Amino acid sequence: MRHWLAVAALVSAVPAAAQGVVPARVSAAGAAVAEKSIDELQAMLASGKWTSARLTQAYLDRIEAIDRKGPTLRSVIAVAPNALEQARASDARRKAGKLLGPLDGIPVLIKDNIDIKELPTTAGSLALVDNHVGRDAPMVMLLRVQGAVILGKTNLSEWANIRSNNSMSGWSAVGGLVKNPYALDRTACGSSSGSGAAVAASLAAVAVGTETDGSVVCPSAMNGLVGLKPTLGMVSRTHVVPISHSQDTPGPMGRSVKDVAILYSAMIGMDPDDPATIDANNYRSDYAAELSADALKGIRVGYWKPEMSADLAARFDKALDELRAAGAIPVEVKMPELKGLGDAESEVLYTELRDDLAAYLATTPASVKVRTLADVIAFNEANKAAEMPFFGQESFLKAEKTRGTQDPEYLGARAKSARLAGIEGIGAMLEAADAQILVTPTYGTPWLSDPAHGDQFSGPSASELPAVSGYPHLTVPMGLVGGLPAGLSFIGTADSDGLLLRAGYAYEQATHARVAPRYLPSAPADLGPQKRR
């Protein structure tokens with residue numbers, strides 16, 4: 001593997017905005033793939049004027065010009081050494097008339113906590129730089145079977161943002177700090193920061209992220225993307241560096257609902273090593289073919305208005321009007337109080353982290369010297385200057401003190417959190433509105449990246465209830481608020497992923513709200529960080 005940053009540079013923060021950043025020049029081919037959908041890329045390939053090899057090289061050119069140079073987004077940790085070889089194999093299939101599906105020949109990026117055979121899986125930690133597993137996660141195998149070109153690995157919040165509550169999203173010791181392509185001094189959110197920034201910058205057609213609570217939908221919303229956190233059990237988690245088997249899931253990220261639907265359709269499948277996926281094959285479908293601009297007509301949609309800034313509230317009110325114009329019937333509901341949900345969720349995550357991480361580490365090669373969470377904690381202490389220049393590992397320390405998944409406190413917390421988030425949370429709001437879908441702002445807008453103080457959440461967060469309940473959660477761009485992206489969440493009950501994609505597509509087609517990034521040094525409006533809670 002060829003990491004593109006020298007270790008000495010890995011702990012650096014965002015350059016001062018006063019320095020300014022000029023958008024990089026890219027090759028003609030690199031410019032030609034900017035903002036192109038999967039359908040448009042397939043049309044280019046079908047024309048005979050483009051090959052998958054040329055397409056893949058165009059994205060590699062963009063990575064070199066935008067991620068390594070120019071704005072230096074630091075969204076891609078490494079490119080696959082055989083990316084062009086994969087692309088040429090697709091070209092041979094096309095020539096022979098044996099294409100494998102809509103992803104054949106299309107470059108896809110994979111978050112660097114998911115195993116692929118070409119590159120190490122680091123989770124952003126120097127403890128795993130030698131984690132050359134030489135295997136694909138089953139979900140990645142599904143993408144390959146359908147012809148996708150696995151272009152490389154994306155940067156992430158180290159250990160998927162579980163190491164510390166004071167972390168700076170998008171930073172890892174291996175990859176440095178991911179920048180938001182809309183305003184380079186703003187967060188790309190996390191933990192799928194690199195997947196979000198890379199797709200927003202057209203460094204690949206689509207990317208795979210992972211979510212435990214917010215790690216797909218937050219970077220999607222804050223990078224102007226569509227992102228789907230699927231129903232738990234639709235997509236395999238085997239050979240994915242874990243946090244929690246109760247909440248972890250990979251999810252697709254793209255610039256349009258249709259692109260996300262195409263990628264998602266390719267990711268679903270039963271995995272005998274992941275019991276949660278036992279029924280997944282029942283939900284394999286061409287979700288893109290089911291999309292309709294009329295999908296919102298006559299649909300009752302529950303919504304709630306969390307505490308938020310005046311400009312975001314105004315944009316959400318406009319979104320409600322847009323939903324009405326698309327035929328939906330919005331009905332306001334109140335968020336239930338749900339006392340103790342946050343504490344119960346934390347108990348579950350910390351307890352499962354210790355056991356689940358050890359189970360993954362047990363499958364890694366001898367070159368990996370950490371085998372338990374305690375080993376990782378010791379490694380971080382021994383390499384403090386590189387691993388903990390900005391924030392510590394107090395969440396790891398809490399997790400190490402837990403008593404395992406047979407502990408009555410854990411079992412009670414898991415039952416409580418699932419009940420509060422599911423039946424008493426999402427279920428109660430849907431029932432109150434007599435609705436199939438809930439909508440609300442996904443998050444606020446991107447806050448300043450701040451190594452001294454960590455994440456400064458601005459505004460609402462819609463991720464907790466679907467994350468804890470295992471229900472699906474789709475975010476779709478609402479456009480810009482103060483020059484920064486904001487997302488609209490679509491939330492439903494278990495297995496309503498297709499319904500959410502259809503509703504999100506109808507909203508997207510009615511608004512075309514997404515705006516491409518401009519790589520500005522800072523936001524056009526001076527929006528200081530605002531603490532949530």
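When I say contact today, I mean heavy atoms within 4.5 Å. Okay, some housekeeping. Residues are numbered from 1 along each chain as its sequence is written, and the side-chain values use heavy atoms, with hydrogens and water left out. What we're looking at is a predicted model, so local features need pLDDT of at least 70 and side-chain atom pairs count only at pLDDT 80 or more, while totals for chains, interfaces and linings use all residues.

Let's begin with the sheet. Helices (H or I, at least four residues) and strands (E, at least two) are DSSP runs, numbered from the N terminus. Two strands pair if DSSP finds at least two bridges between them. With that, we get an open sheet of 11 strands with mixed pairing, in the order β1-β3-β2-β6-β8-β7-β12-β13-β11-β9-β10. β1 (76-79) and β10 are the edge strands, each pairing on one side only. From one strand to the next the twist averages 30°; the axes there are lines fitted to C-alpha atoms, for helices over the stretch in contact, and angles run from 0 to 180 degrees between N-to-C directions.

Now zoom in on β12, residues 473-481. How many of its residues are buried? Buried is under 20% relative accessible area, exposed is over 50%, and partly exposed lies in between, with a 1.4 Å probe and protein chains only. For β12 it's 8 of the 9, so the strand is largely enclosed by the rest of the structure.

On one side, β12 pairs antiparallel with β7 (residues 226-229) over 3 bridges, and Leu228 has Leu474 as its bridge partner. β12 also pairs antiparallel with β13, over 8 bridges, and there Val481 is partnered by Leu484. Those two strands make a hairpin with 2 residues between them, and Gly482 in the turn has a positive phi of about 60°.

Have a look at Thr475, which sits in β12. Thr475 is buried, at 0% relative accessible area. Its side chain makes a polar contact of 2.8 Å with the side chain of Thr442. By polar contact I mean a pair of N or O atoms within 3.5 Å; within protein, one must be able to donate a hydrogen and the other to accept it, and residues adjacent in sequence count only if both atoms are side-chain atoms. Setting aside residues up to four places away in sequence, Thr475 touches, among others, Val217, Ser220, Val226, Gly227 and Leu488.

Val226 takes us along to β8, residues 249-254, which runs antiparallel to β7 with 2 bridges joining them. Val226 stands opposite Gly254 in β8. The C-alpha atoms of Val226 and Ala261 are 9.9 Å apart, with 35 residues separating them along the chain. Ala261 belongs to helix α8 (residues 257-267) and is buried, at 0% relative accessibility. Beyond its neighbours within four places in sequence, Ala261 contacts Tyr287, Ala288, Leu291 and Leu501.
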